[in-house]
Amino acid sequence: MTRTIFLSAALAFAALAQAQEPIRVGVMNDQSSVYADFQGKGSVLAAQMAVEDYGGKAAGRKVEVVFADHQNKPDVGSAIARKWLDEDGVDLIVDLPNSAVALAVNEVVRQKNRVMIGSGAGTSELTGSKCSPNTVHWTYDTWAYGHSLARAVVQRGGKSWFFITADYAFGHDLERQATDQLTKDGGKVVGGVRTPLGTPDFSSFLLQAQSSGAQVVALAVAGGDTTNSLKQAAEFGLTGKQSMVSLIFTLNNVPALGLKASQGVLTVNPFYWDMNDQTRAFSRRFQKRAHNGAMPNDMQAGVYSAVLHFLKAVDKVGGAADGKAVVAAMKAMPTDDPLFGKGRIREDGRKLHPMYLLQVKSPEESKGDWDFYKVISTIPAEQAFRPMSEGNCPLVAGK
């Protein structure tokens, strides 16, 4: 009898302790290399602001934010994910720039039945052959950027392309998506090179692009590699003779290049801080707290809105222990937040919202700090992302 009472008390105490354990959001990204200024501490801040704005609790439990640097290495990212999920009580892993890391963590999260939301991750395979009932792809993907920008550039007369491509999953996928749209619209690829991540000197690649005679030099790189390649392209005089198209170009690239060097650059984005009163209000709050005084970019904004929706789903389910149940709740609820507006999450995990074709302003057009873009056109969500029927996602086979 005494033993039974003791066992019952122990079980009750363990259940109470588990109920009081915080829900933890883990921001995993590059904190020290080529993507650090593009996600890094800014994404951590965005997650913290989402938790604060939600009230700091979900399903009656406190919510905490932790973070780690995956160093752009899939094995490091996987090891962090396993430790977080097995030992540290992390319920959500979010951001994950570097597609190779995202794909590796995607499998760990599926095995452990927690939740992953890719905001900085680019590869469209996350909603294609590698789709998972535990994963949502939030902000953008290589299909959306590659197809949308290629279509816009070809319409402006740029039909022969040379690619300078990051030599890992993200770059390969981005080049493939842009090439698909380019050839569909009557253009052609005349050459290309692959570059290691974090390349300091693009001169040999740019000289090959110059000698190719292509109308368009397409940069399928990101982060600091985008900034370095565009700076060196200007030094080699490519910008006056060939169109430089950066398939991933964010707000943070502009200060590093300057408006004079980057004016006229076309980019596709789902978020710009100066879109409306709600985006401006959030962005000014973010800027005051940001370590570098920067406005948020689309991927940092994506972390904020993704964490908000995750917490809503946790409340609906009543906890975060069953990752599949939380993601199912996320898909069942329409998305609605001040940065991306109304949207939804498809069965394959793709978050849907409009994209915008943006162009960098000239120095004369800019009215002040961070006034960098003008909106050229809106791409409806149904056109911005790959049709679900073409993704080969096992979750939606036959639908």
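Strand S10 supplies three residues to the lining of the largest pocket, the largest share. Helices (H or I, at least four residues) and strands (E, at least two) are DSSP runs numbered from the N terminus. This is a predicted model, in which local features need pLDDT of at least 70 and side-chain atom pairs count only at pLDDT 80 or more, while totals for chains, interfaces and linings use all residues. Residues are numbered from 1 along each chain as its sequence is written, and side-chain values use heavy atoms, without hydrogens and water.

The lining of the largest pocket comprises 19 residues, with Ser243, Met244, Gln263, Gly264 and Val265 nearest the centre. Helix H8 (224–235), strand S10 (243–246) and helix H11 (259–262) each give at least two residues to this lining.

On a 1 Å grid over the protein atoms alone, a pocket is an open set of points with protein on both sides within 12 Å along at least five of seven lines, a cavity is a set where a 1.4 Å probe fits but cannot get out, and lining residues have an atom within 4 Å of a point. Volume is the space filled by probe spheres set on the points, which are joined across faces, edges and corners.

| Space | Volume |
|---|---|
| Largest pocket | about 390 Å³ |
| Largest cavity | about 110 Å³ |
| Second largest cavity | about 70 Å³ |

Three cavities of 30 Å³ or more are present. The largest cavity is lined by 16 residues, and Tyr35, Gln39, Gly120, Tyr140 and Ala222 are the closest to its centre. Residues lining the second largest cavity include Asp37, Gln39, Phe286 and His291.
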